[in-house]
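The report that follows works through a single chain, from selected residues to the overall shape. Please keep the sequence and the model at hand while reading.

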Amino acid sequence: PVGSNVLLNLALVPTMGVLGAAIATTASFGIGVLASIALGRRIGVAMPIPWETVGRCALACLAMTGAVLLVPAWGGVAELFAKAALGAAVYGVAAWT
């Protein structure tokens, strides 16, 4: 994953900036997961994927994103803390209900 992260950063950061770095890191983690699954299967060890948990996290992320996007962008540290607090609360409720 480190190699793919470096290459993707070199490709994406010049044109996309911080968003490119975030995409590169996320894609690198995905590549790492796929490599772990492939290597595990190759040596006969299946990596269990908890699909229910993955789905619950995905739905919680969607709920959190929707809630945070509803907060108006007034700028500054207050907005950052408001969005972080709201996002954490919504994610927590959505993930554990």
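## Residues, helices and overall shape

G20 is buried, since its relative accessible area is 0%, where buried means under 20% relative accessible area, exposed over 50% and partly exposed in between, with a 1.4 Å probe and protein chains only. The model is a predicted one, in which local features need pLDDT of at least 70 and side-chain atom pairs count only at pLDDT 80 or more, while totals for chains, interfaces and linings use all residues. Residues are numbered from 1 along each chain as its sequence is written, and side-chain values use heavy atoms, with hydrogens and water left out.

G20 sits in helix α2; helices (H or I, at least four residues) and strands (E, at least two) are DSSP runs, numbered from the N terminus. When its neighbours within four places in sequence are set aside, G20 is in contact with N9, L12 and V13, contact being defined as heavy atoms within 4.5 Å. Between G20 and A84, which are 64 residues apart in sequence, the C-alpha to C-alpha separation is 22 Å.

Helix α2 covers residues 18-42, and S28 is another of its residues. S28 counts as buried, at 3% relative accessibility. Leaving out neighbours within four places in sequence, S28 is in contact with P1, S4, N5 and L8. Two of these residues also take part in polar contacts, a polar contact being a pair of N or O atoms within 3.5 Å, of which, within protein, one must be able to donate a hydrogen and the other to accept it, while residues adjacent in sequence count only if both atoms are side-chain atoms. The side chains of S28 and S4 are joined by such a contact at 3.4 Å, and a polar atom of the S28 side chain lies 3.0 Å from the backbone nitrogen of N5.

Helix α1 comprises residues 2-16, and its 15 residues should span 21 Å at 1.5 Å a residue, which agrees with the 20 Å between its end C-alpha atoms; the expected span is 1.5 Å times one less than the number of residues. A bend of about 30° occurs in α1 at N9, the bend at a residue being the angle between axes fitted to the seven residues ending there and the seven starting there.

Is E79 buried or exposed? E79 is buried, with a relative accessible area of 12%. Its side chain reaches the backbone nitrogen of G75 at 2.6 Å, and, not counting residues up to four places away in sequence, E79 touches P72, A73 and W74.

P72 lies in the loop between α3 (51-70) and α4, and counts as exposed at 52% relative accessibility. Not counting residues up to four places away in sequence, P72 touches E79 and K83. L62, in helix α3, likewise counts as exposed, with a relative accessibility of 60%.

| Pair | Apart in sequence | Apart in space |
|---|---|---|
| P72 and K83 | 11 residues | 9.4 Å |
| L62 and S36 | 26 residues | 27 Å |
| G20 and A84 | 64 residues | 22 Å |

Taken as a whole, the protein has four helices and zero strands, and its elements run α-α-α-α from the N terminus on. The radius of gyration is 18 Å, well over the 13 Å that the globule rule gives for 97 residues, so the protein is more spread out than a compact globule; the radius is taken over C-alpha atoms, and the rule is 2.2 Å times the number of residues to the power 0.38. The C-alpha trace spans about 50 × 40 × 15 Å along its principal axes.

Of the 97 residues in the protein, 14% are buried. Among contacts between residues at least 6 apart in sequence, 31% join residues at least 24 apart. The accessible surface comes to about 7,000 Å², with 78% of it belonging to carbon and sulfur atoms; accessible areas come from the Shrake-Rupley method with a 1.4 Å probe, and for residues only the protein chains shown count as cover.
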